[in-house]
Amino acid sequence: MKHPSWNVLENWRKKRAGERMESECEPFLSFLSVELAMQSHFDRGFHAALTHATGTWREELEHVWRAYVEKGQSLEKGLALIGTKWGRRGISRVTGMLIHLSTAGVSEAGIAGIQQLSKDMRHQHGIALKEYGNKLAVFSLMFIAVSALIPAFLLGFLTVGSRFLELDVDATQIYILACVIFPALDILVLSWGWIQTPAWMHAYVQPEKKSNPVSIQSIFNQWKKTKERIAFICIKNGIKNGFSQLVFSSTIEGVALFLIGWSAYLYLQSTSPI
């Protein structure tokens with residue numbers, strides 16, 4: 001029997017996968033509307049648009065198409081199984097529209113319905129992007145505070161406190177704060193920001209899998225591409241200098257403040273009477 005926390009994790013992963021799959025439906029619908037405008041038969045247009053599908057959505061549609069060609073299973077049944085399997089409202093709307101076109105035939109009203117559904121999904125992604133932009137602003141302030149301001153202020157307090165308030169703080173405790181606790185807080189904040197990111201943006205930022213052996217040059221190139229993508233997303237959300245530059249500058253400031261405070265602490269320790 002699985003632990004309840006494992007079930008929660010599985011449900012969360014399925015939800016994220018469903019969100020990513022919904023984002024993959026929108027470009028497929030755009031290609032399908034173009035194909036159906038040129039071809040009168042739904043099967044032909046469906047197969048032509050299938051080559052432009054991506055990700056998990058393409059895998060599901062390819063499974064339905066193989067069952068239709070090799071086993072004679074109807075497209076309506078396979079599409080209905082997709083909607084039932086994922087339980088997402090957006091996916092159910094897409095599969096319902098495809099089932100309607102497959103049973104009723106291709107018409108101008110059906111093509112217009114596909115185009116309108118594609119616009120609606122694109123509009124929903126735009127709303128989600130704006131909401132994430134607002135969260136990203138708060139997340140950036142939190143990261144600056146946790147990575148730079150709080151360590152600097154705490155180190156200054158410990159320096160003054162050990163000198164004038166007679167606080168019992170030794171070098172080991174400060175090393176633990178600097179090397180364990182503060183990096184752990186940074187990781188927590190970064191993890192929170194990753195969780196708040198829409199799943200379809202993870203699909204955009206995620207590096208492509210390659211079979212080539214890993215090298216220093218490939219790692220550098222991939223890091224450069226990822227940084228450019230993140231900077232592009234930040235600029236789209238109103239952060240003009242890009243998120244990578246923001247993180248880099250805040251990290252440099254935190255390190256500089258920590259070194260200044262640590263130097264002051266060592267100086268006071270060396271000049272204090274025994």
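From the N terminus onward, the elements of this chain run α-α-α-α-α-α-α-α-α-α, which amounts to 10 helices and 0 strands, where helices (H or I, at least four residues) and strands (E, at least two) are DSSP runs numbered from the N terminus. The model is a predicted one, in which local features need pLDDT of at least 70 and side-chain atom pairs count only at pLDDT 80 or more, whereas totals for chains, interfaces and linings use all residues. Residues are numbered from 1 along each chain as its sequence is written, and side-chain values use heavy atoms, with hydrogens and water left out.

Of the 274 residues in the chain, 34% are buried, the term buried standing for under 20% relative accessible area, exposed for over 50% and partly exposed for what lies in between (1.4 Å probe, protein chains only). Among contacts (heavy atoms within 4.5 Å) between residues at least 6 apart in sequence, 69% join residues at least 24 apart.

| Residue | Helix | Relative accessible area |
|---|---|---|
| Phe 28 | α1 (residues 4–38) | 0% |
| Ser 118 | α6 | 3% |
| Ser 147 | α6 (residues 108–165) | 14% |

Phe 28, in helix α1, touches Phe 46, Ala 49, Leu 50, Ala 53, Trp 57, Leu 61 and Leu 98, when residues up to four places away in sequence are not counted. The C-alpha atom of Phe 28 is separated by 8.9 Å from that of Arg 58, a residue 30 places away along the chain. Three of these partners, Phe 46, Ala 49 and Leu 50, are also among the buried residues of helix α2, which include Phe 42, Asp 43, Gly 45 and Ala 48 as well. Helix α2 (residues 42–50) is mostly covered, with 7 of its 9 residues buried.

The axes of α3 (residues 55–70) and α4 (residues 75–86) come within 9 Å and cross at roughly 145 degrees, the axes being lines fitted to C-alpha atoms, for helices over the stretch in contact, and the angles running from 0 to 180 degrees between N-to-C directions. This crossing is right-handed, a term used when the near helix is turned clockwise from the far one by less than a right angle, and left-handed when anticlockwise. On the α3 side the contact is made by Thr 56, Trp 57, Glu 60, Leu 61, Val 64, Trp 65 and Tyr 68, and on the α4 side by Leu 75, Gly 78, Leu 79, Ile 82, Lys 85 and Trp 86.

Helix α5 (residues 89–104) has 16 residues and reaches 22 Å from its first C-alpha to its last, close to the 22 Å expected at 1.5 Å a residue, the expected span being 1.5 Å times one less than the number of residues. Its buried residues are Gly 90, Ile 91, Val 94, Thr 95, Leu 98 and Leu 101. Seen down the axis of α5, these buried residues fall within an arc of 130 degrees, so they line one face of the helix; the arc is that of the directions from the helix axis to the C-beta atoms. The face turned away from the buried side carries the exposed residues Arg 89, Thr 103 and Ala 104. After α5 comes Gly 105, whose phi is positive, near 95 degrees.

For Ser 147, a polar atom of the side chain lies 2.6 Å from the backbone oxygen of Phe 143.

Terms used:
Polar contact = N/O pair within 3.5 Å; in protein donor to acceptor, adjacent residues only side chain to side chain.
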